[in-house]
Structures are given as C-alpha cells and as structure tokens.
Amino acid sequence: MTVQYVPTTADVVRFYDEALPLISRLAGHNVHVGYWRSDDDDSTLQQAMDTLTDVMIERISVTAGSRVLDVGCGVGGPAVRLAKTTGAHVVGISTSPVMVAEANRRARAENVAGQVSFLVADAMEELPWPAESFDAAWAIESLVHMPDRAAALRQIGRVLRLGGRLTLTDFYEWTPVTGDRLAMIEDFRRMSFNAPFHRLEEYLSLLRAAGLYLTEFLEISQQVARHYPELLARLRQFKPELAAEYGAEAIAALETFLENCVASGAPNYMLMTVGK
Ligand code: SAH
C-alpha cells in the first residue's frame, strides 16, 4: 500500500519562493499549462499558455467594473490579462510572498495597478473579505496544491455573490489508478508539490458542500498535452545556462521529470465552471 504524498502549506510556499526565477525563465508570466485549440494550432508555448487564460476568460463572464478574486495568482499574468480584456477589477491571492511582490510589480509595469492588486492569503483559511464580496472568481492550477480543497471551495463559495461564477482548472482522476500509472502520478505530484488528486465524483461532492453547482465540465487533457514536450524542448534549448544558474542536478531532475511526462502521459486535466 503506497502512502500518498501530501505537501504542507510551507512546502508549497518554499517551492514557489525558491523556484520563481526558474519558472519565470521557462514559463514567463504564466504558471500553468499551455492550451492548443486544435492539432493545426501552431502556437508557441507562451502563446498557448495565454490561450488557456483566454479559454478561462471566455467562461468567467465578467464585465467592466466586476470584482473578481484570483485564487492562487502566480506572478499575475492571468489577472492582468483578465483586467485588460474585460475592464474587471481583480484581487489576487497567493501564499508565496515572492510571487505576490512580483505580481504587484507586473500590475504597476502594465499600468493596471489601480485595477489589479495582490496580497498574501491562504485560500484554505478564512479569507479576509465578508461574504458575497466578489462577482466572480477563478483558480487556475492552484487548487491542485491544496490538500483541503473542501475548505478552499467553501471560502470561495462564501465570498462569491449569489449568481456569481467560479472557473477553475485542476488535475483529477477519471478512474481509480493503480500500478504504473499510480507510481507516475505520485512522482508527478512530488515533483510539482501537488496534493492528492480527486476523482470527479468526489470533486462534485466538494462543490455541492460549498454551495456551488456545476455549469460546465471540460476534459482538456488532449488540448494541454503538448505542454510537456514543448517545455522539455525549451529546457533543453537553454540547458547549459540554466544548469550554470540553478545547478546541473536540479535541471537534470526537471528534464527527467518532463521526459517521463512525455513518455507516459501527464495526469488528467479539467476545466470547470461552477455557479453559486
Ligand atoms: N494561477 C496562476 C498561478 C498558478 S501556480 C497562473 O495560472 O499563472 C499556483 C499558485 O497557487 C501559486 O501562486 C501558489 O502560490 C498558489 N497557491 C498554492 N497554494 C495556495 C493556497 N493554499 N492559498 C492561496 N494560493 C495558493
């Protein structure tokens, strides 16, 4: 019986605080997978990452002046894009002080600091806003780091107004996994500081318990699959300088990790929109 790996909040903070220069170097202003709309879509990795944000923007349905909560804001790329595209006001949270500082710097540099701001907060704890403070929320690849997704979804549900929407992406499992696939997923989670993944049925129960109901479920593993070979190619392109900067061992470990993702396929990835 395998003991499942569970990251602590401190592990996730340290991971992002320390890995930020490397992440920014490889991924730029997004800390999520790329999304390719079709096989003919010849977007670069950076463009495909922005496309995932756009697919979220198409669903979150906000207008100028809406107040949006960005749960797990990364370095602020998605929030700035949302604000510029829709005119919404966005407040982002992250447990990583280094990321929050970088995200606020980006908002100033992009001239949207009056519209977009970021602060340190843990989504699994009481959020610093009264009930019904936001018209919408999104959580792009952030719930995956939270072992207590139930608590985070309850908090998001609390601060969302009635009729508001939450759009999220997360890894999940379709069927119970065993054997080689389980070993692959455990390795993936350890390398990425991910909490255990839920079965879809479990996810729906968590949403119900948070007073949220499903409006759309998209299985998008296929659309994001190119992320891993593309990221691996980028890592190899800059390997010598990355090794000099971050250590040959760390870069070799990341390369092996990405090779495994390419060889055996990454875990299932979904995009969900829910309402309150
Ligand atoms: N949504 C961003 C970043 C994704 S990376 C993007 O798409 O670019 C995951 C983010 O979730 C990081 O910013 C990390 O600090 C944040 N995070 C992880 N655990 C969290 C928690 N418990 N509460 C709030 N943010 C958290």
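Tutor: Before we start, a definition: Ala, Val, Leu, Ile, Met, Phe, Trp, Tyr, Cys and Pro count as nonpolar, Asp, Glu, Lys and Arg as charged, and the others, Gly among them, as polar. This is a predicted model, where local features need pLDDT of at least 70, side-chain atom pairs count only at pLDDT 80 or more, and totals for chains, interfaces and linings use all residues. Residues are numbered from 1 along each chain as its sequence is written, and side-chain values use heavy atoms, with hydrogens and water left out.

Student: What volume does the largest pocket have?

Tutor: A pocket is an open set of points on a 1 Å grid over the protein atoms alone where a 1.4 Å probe fits, with protein on both sides within 12 Å along at least five of seven lines; lining residues have an atom within 4 Å of a point. Points are joined across faces, edges and corners, and the volume is the space filled by probe spheres set on them. For the largest pocket that comes to about 770 Å³.

Student: Which element gives the largest share of its lining?

Tutor: Elements here are DSSP runs numbered from the N terminus: helices (H or I, at least four residues) and strands (E, at least two). α1 (9-27), α6 (179-192), α9 (227-237) and α11 (248-264) each give two or more residues to the lining of the largest pocket. The largest share, 8 residues, is from α1.

Student: How many charged residues are in the lining of the second largest pocket?

Tutor: That pocket holds about 170 Å³ of space, and 13 residues line it. By class, 10 are nonpolar and 3 polar, and the charged count is none.
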